[in-house]
Amino acid sequence: QVQLVESGGGLVHAGSSLKLSCVASGRSSNHYNMGWFRQAPGKEREFVAIISWGGGSIDYSDSAKGRFTISRDNGKNTVYLDMSSLKPEDTAVYYCGADLHVNRYYSGWGDYWGPGTQVTVSS
């Protein structure tokens with residue numbers, strides 16, 4: 001099994017930046033694709049970004065593209081999400097996920113998930 005733990009969430013003003021981190025343990029030595037999803041109040045969970053194990057393939061949602069940057073440090077078993085120009089609509093619980101096979105978003109992506117970290121953007 002793989003355990004994922006997110007950190008870095010918080011309360012910020014619109015236009016601010018946040019950097020989320022996700023540390024993997026257990027079977028983190030496997031070449032997992034890693035990603036970030038989010039779930040806002042009253043909405044379904046939505047895809048944000050996915051990065052391949054080597055970092056050469058990155059998939060962003062339309063809402064994340066141009067504002068968010070996903071990266072990873074395999075030596076630290078950590079994936080990051082740098083968020084800038086945050087908007088109130090970015091308010092959500094952000095979840096880190098891992099998928100053994102797929103490096104692009106599809107509806108069934110994700111073999112493992114973290115418990116989430118809250119991001120709140122005030123207007």
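Ser21 has Tyr80 of strand S8 opposite it. This pairing belongs to a predicted model, and everything described below was computed from that model. Another pairing places Lys19 opposite Asp82, which also lies in S8. Strands S3 and S8 run antiparallel and are joined by six bridges, with S8 covering residues 78-83.

Strand S3 is also joined to strand S1, which spans residues 2-7; six bridges connect these two strands, and they too are antiparallel. One of the pairings here is that of Leu4, whose bridge partner in S3 is Ala24.

## The disulfide

The structure contains one disulfide. Its two members are Cys22 and Cys96, with a distance of 2.1 Å from S to S. The link connects distant parts of the chain: Cys22 belongs to strand S3 (residues 18-26) and Cys96 to strand S9 (residues 92-99), and the two are 74 residues apart. The angle about the S-S bond is -80°, and the link of Cys22 and Cys96 is left-handed.

Are the two cysteines buried or exposed? Cys22 has a relative accessibility of 0% and therefore counts as buried. Cys96 is likewise buried, with a relative accessibility of 0%.

Phe68 is part of strand S7. Its relative accessible area is 3%, so Phe68 is buried. Leaving out residues up to four places away in sequence, Phe68 touches Arg38, Val48, Tyr60, Leu81, Asp82, Met83, Ser84, Leu86, Asp90 and Tyr94. Along the chain, Phe68 and Gly15 are 53 residues apart, and 12 Å separates their C-alpha atoms.

## Salt bridges and their network

Side chains of opposite charge can pair when their charged atoms come close. How many salt bridges does a search of the whole structure find? The search finds five. Among them is the salt bridge of Arg38 with Glu46, in which the closest N and O atoms are 2.6 Å apart. Arg38 is buried because its relative accessible area is 4%, a value under the 20% limit for that class. Glu46, in contrast, is partly exposed, with a relative accessible area of 31%.

A further salt bridge brings together the side chains of Asp90 and Arg67, at 2.7 Å from N to O. These two residues come from distant parts of the chain: Asp90 lies in the loop between S8 and S9, Arg67 in the loop between S6 and S7, and 23 residues separate them. Both Asp90 and Arg67 are buried. A network of salt bridges links Arg38, Glu46, Arg67 and Asp90.

## The surroundings of Arg67

Arg67 is located in the loop between S6 and S7. With a relative accessibility of 12%, Arg67 counts as buried. A polar contact of 2.7 Å connects the side chain of Arg67 with that of Asp90. Apart from neighbours within four places in sequence, Arg67 is in contact with Asp82, Met83, Ser84, Ser85, Leu86, Lys87 and Asp90.

Arg104 is partly exposed at 43% relative accessibility, whereas Asp59 is buried, with a relative accessible area of 12%.

Note on methods:
Residues numbered from 1 in each chain as written. Predicted model: local features only at pLDDT ≥ 70, side-chain atom pairs only at ≥ 80, totals over all residues. Heavy atoms only, no water. Disulfide = S-S within 2.5 Å. Helix = DSSP H or I, 4+ residues; strand = E, 2+ residues; numbered from the N terminus. Buried < 20%, exposed > 50% of the residue type's maximum accessible area, 1.4 Å probe, protein only. Pairing = 2+ DSSP bridges. Contact = heavy atoms within 4.5 Å. Salt bridge = Lys/Arg side-chain N within 4 Å of Asp/Glu carboxyl O. Polar contact = N/O pair within 3.5 Å; in protein donor to acceptor, adjacent residues only side chain to side chain.
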